[in-house]
Each structure stands twice: as C-alpha cells, then as structure tokens.
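Hi there,

Here is the structure I promised to pass on. Have a look at it first, and my notes follow below.

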Amino acid sequence: MKNSRATTRYAKAFYQFSVEEKVLKEAYNDMTSLKELCEINKDFLMLLKTPIVNTERKIEILKKIFTGKLNKATLSFICSVANSKRESLLSAIAIKFISFYKKHNNISTATVVTAASLSKETKREIIMLIERTNNTNVEIEEVVNEEIIGGLIINMGDKQIDASISNKIKKIRKQFT
C-alpha cells in the first residue's frame with residue numbers, strides 16, 4: 001500500500017509540475033517511453049529494483065541512457081526519484097502519470113482483439129464509432145489472437161463487445177446441447 005501511495009504522489013507531483021512548466025505533452029511522451037522500456041527490457045527493470053547497485057551508480061546509468069532522449073525536466077525528475085531511493089517505482093510512476101494525462105485529456109483506451117492485424121482505415125472507423133458512442137477520445141491497443149477465428153472483441157473499461165466468430169460458434173453449440 002505504501003508503494004501505491006508513493007507512486008501516486010510522485011506521479012501527481014510530476015504531472016502538476018509538467019502542467020505548470022508547459023511541458024505536459026513532452027513529459028507524457030517521455031513517461032510512455034519509460035513505461036515501454038520497462039515492459040520490453042527486463043534487465044533495465046531489474047537494475048532499477050536491485051539493491052546491489054548503489055544509487056549513485058544507478059543515477060549515472062540513467063543519465064547515460066536518457067540524456068538527449070528525454071526532456072530535461074523528465075530526466076531531472078527520474079534522477080530525483082532515484083536520489084530518494086525510489087527508482088524501483090519508476091515503472092509504476094510512469095503508468096500512473098499516463099493515467100493522469102489520459103484522464104485530464106478525456107482519453108480512453110480500448111483494446112481491440114482481432115484474428116488479423118487491422119488496417120488503418122478499419123482502426124479509424126472503430127475509433128470514430130467508439131468516440132461517438134462514449135463522447136471521449138479513444139486510443140486503441142490492438143491485440144492479434146487467431147483463436148477468435150474472425151470478427152473482433154472490443155474491451156473498454158468495464159464494457160465488452162464480443163463480435164467474434166468463436167463466440168458465435170460457442171452460442172450455437174449451447175443451443176444444440
């Protein structure tokens with residue numbers, strides 16, 4: 001629970017700072033990059049969490065990795081978090097910051113599961129449909145799952161639309177049994 005509170009406090013503080021300094025969009029892009037790096041590179045995540053490497057060394061490594069790639073305010077924030085010995089929370093802080101940004105900008109994330117990759121035109125149509133029905137800006141996360149055979153499944157918040165062929169087959173099987 002402590003980590004959750006600390007994560008929220010750090011994310012909220014950096015979010016407010018970004019708004020005041022008018023670098024919110026850059027900070028959002030930086031936090032998205034940090035989140036993706038933590039998801040893709042497990043070694044980087046382990047570096048942040050390991051107590052074996054001291055804080056000064058971690059800060060040196062963070063500066064080498066991010067100098068020139070992140071906004072100076074973001075880099076300063078990341079180093080400040082590491083200086084407070086909270087670098088293990090950076091991934092969670094990035095996720096929380098992104099949620100603050102999306103809430104502020106009325107952006108919802110919809111997960112679209114399909115059997116094959118969506119074309120740009122189809123993505124655009126799905127986004128427009130969801131935006132009209134929910135009065136919100138939509139960001140799509142695309143997941144390809146060949147097991148649904150065809151059609152699509154849209155998950156957004158606590159709502160799900162299952163228009164997959166595998167779901168229709170299951171319904172037909174239930175009718176026959």
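Predicted model: local features only at pLDDT ≥ 70, side-chain atom pairs only at ≥ 80, totals over all residues.

**What I found**

**Inside helix α6**

Which residues of α6 are buried? They are L90, S91, I93, A94, F97, I98, Y101 and K102. I looked at a few of these one by one.

I93 sits in helix α6 and has a relative accessible area of 1%, which makes it buried. Leaving out residues up to four places away in sequence, I93 touches T7, Y10, A11, F77 and V81. Of that group, V81 is twelve residues from I93 in sequence, and the two C-alpha atoms are 9.7 Å apart in space.

S91, also a residue of helix α6, is buried with a relative accessible area of 16%. Beyond its neighbours within four places in sequence, S91 is in contact with C38 and L45.

C38 belongs to the α2 side of a helix contact, and L45 to the α3 side.

**How α2 and α3 pack**

Two packed helices are described by the angle between their axes and the distance between the axes. For helix α2 (residues 24-40) and helix α3 (residues 42-49), the angle is about 100° and the axes are 5 Å apart. Because angles of 65 to 115 degrees count as roughly perpendicular, that is the word for how α2 lies to α3. On the α2 side, L34, L37, C38, E39 and I40 make the contact, and on the α3 side K42, F44, L45 and L48 do. Sorted by class, the contact of α2 with α3 has seven nonpolar residues, two charged ones and no polar ones.

A6 lies in helix α1 (residues 2-20). With a relative accessibility of 8%, A6 counts as buried. Which residues does A6 contact, leaving aside its neighbours within four places in sequence? The answer is R86 and L89. A6 and R86 are 80 residues apart along the chain, yet their C-alpha atoms are separated by 8.7 Å.

**Salt bridges**

Side chains of opposite charge can pair when their charged atoms come close. How many salt bridges does the model have? The count comes to five, and I will go through some of them here.

R57 pairs with E60, with the closest N and O atoms 3.1 Å apart. Both residues belong to helix α4 (residues 55-66), and being three residues apart there, they are separated by about one helical turn. An α-helix has 3.6 residues a turn, so residues three or four places apart point the same way. As for accessibility, R57 is partly exposed at 38%, and E60 is partly exposed at 41%.

K58 forms a salt bridge with E87, and here the closest N and O atoms are 2.9 Å apart. K58 lies in helix α4 and E87 in the loop between α5 (72-83) and α6 (90-104), so this pair ties together parts that are 29 residues apart in sequence. Both K58 and E87 are buried.

K102 forms a salt bridge with E139, with a distance of 2.6 Å between the closest N and O atoms. Since K102 lies in helix α6 and E139 in strand β2 (residues 137-144), the pair ties together parts that are 37 residues apart in sequence. Are the two ends of this pair buried or partly exposed? K102 is buried, at 14% relative accessibility, while E139 is partly exposed, with a relative accessible area of 26%.

Happy to talk any of this over.

Best wishes

Definitions and conventions: Residues numbered from 1 in each chain as written. Heavy atoms only, no water. Salt bridge = Lys/Arg side-chain N within 4 Å of Asp/Glu carboxyl O. Helix = DSSP H or I, 4+ residues; strand = E, 2+ residues; numbered from the N terminus. Buried < 20%, exposed > 50% of the residue type's maximum accessible area, 1.4 Å probe, protein only. Axes fitted to C-alpha atoms, helices over the stretch in contact; angles between N-to-C directions. Parallel < 35°, antiparallel > 145°, perpendicular 65-115°, else oblique. Contact = heavy atoms within 4.5 Å. Nonpolar A, V, L, I, M, F, W, Y, C, P; charged D, E, K, R; others polar.
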